[in-house]
Amino acid sequence: MYAMKKLLLFLGLLFSVSIYAQRKTINKISMHRTACFGKCPTYSLEINKNGSVTYTSVRFTKFEGMFTKKFPIDKVKNIFLQINLLKLDTCKNEYEQIIADLPGLNFNIDYTNAKKQIVNAHFGPKFLKRLAMNIDKEFSIDSTWKKIK
């Protein structure tokens, strides 16, 4: 009986998380890593729901210029699902910059009916930095990307 209650509770929780995750349709996300007073890599990644990803180098990166690559839709859906599960739409629009010398982290999310911007995300909840690390890992630039500019 106890096991059945746990199973029903788990299924209910899974169902509610699934409903929330599908609540907002993401069309595109942009992640920007900004400059510091040193040689921090400065670049942006734009991830579209069709799997196309654009990397734009600003300075201090291994690959300089603008690059594009098509990724499997499942990889993009996984990142978009993380964004919905983390409820980025409920984060503050801007977090106070406590230390001026640190490289910045900003997100822009284009939903079907709304836009969300998060400035100074590195001073926000820790899950924003973990999300950025996941994005960097999943969409890491290498020689297989096509240079477009």
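This is a predicted model: local features need pLDDT of at least 70, side-chain atom pairs count only at pLDDT 80 or more; totals for chains, interfaces and linings use all residues.

Me: What makes the link between Cys 36 and Cys 40 a disulfide?

Reply: The sulfur atoms of Cys 36 and Cys 40 lie 2.0 Å apart, and since the cut-off for a disulfide is a pair of cysteine sulfur atoms within 2.5 Å, the pair qualifies as a disulfide. The structure holds 1 disulfide.

Me: Why is the disulfide of Cys 36 and Cys 40 called right-handed?

Reply: The torsion about the S-S bond is about 95°, and the disulfide is therefore right-handed. Both Cys 36 and Cys 40 are buried.

Me: How do you know whether Cys 91 is buried or exposed?

Reply: Its relative accessible area is 8%, and because buried means under 20%, Cys 91 counts as buried.

Me: Why are helix 2 and helix 3 described as roughly antiparallel?

Reply: Helix 2 and helix 3 pack at an angle of about 175°, with their axes 11 Å apart, and because angles over 145 degrees count as roughly antiparallel, the description applies to this pair. The contact residues of the two helices divide into 4 nonpolar, 2 polar and 2 charged, including Ile 79 and Ile 83 in helix 2 and Leu 131 and Ile 135 in helix 3.

Me: Which residues touch the most other members of the largest nonpolar core?

Reply: Of its 31 residues, these are Leu 45, Ile 83, Leu 88, Phe 107, Ile 135 and Phe 139. Among the elements that each supply at least two residues of this core are helix 2 (73-85) and helix 3 (126-138).

Notes:
Residues are numbered from 1 along each chain as its sequence is written. Side-chain values use heavy atoms; hydrogens and water are left out. Buried means under 20% relative accessible area, exposed over 50%, partly exposed in between (1.4 Å probe, protein chains only). A nonpolar core is a set of buried Ala, Val, Leu, Ile, Met, Phe, Trp, Tyr and Cys residues joined through side-chain atoms within 4.5 Å. Helices (H or I, at least four residues) and strands (E, at least two) are DSSP runs, numbered from the N terminus. Axes are lines fitted to C-alpha atoms, for helices over the stretch in contact, and angles run from 0 to 180 degrees between N-to-C directions. Angles under 35 degrees count as roughly parallel, over 145 as roughly antiparallel, 65 to 115 as roughly perpendicular and the rest as oblique. Contact means heavy atoms within 4.5 Å. Ala, Val, Leu, Ile, Met, Phe, Trp, Tyr, Cys and Pro count as nonpolar, Asp, Glu, Lys and Arg as charged, and the others, Gly among them, as polar.
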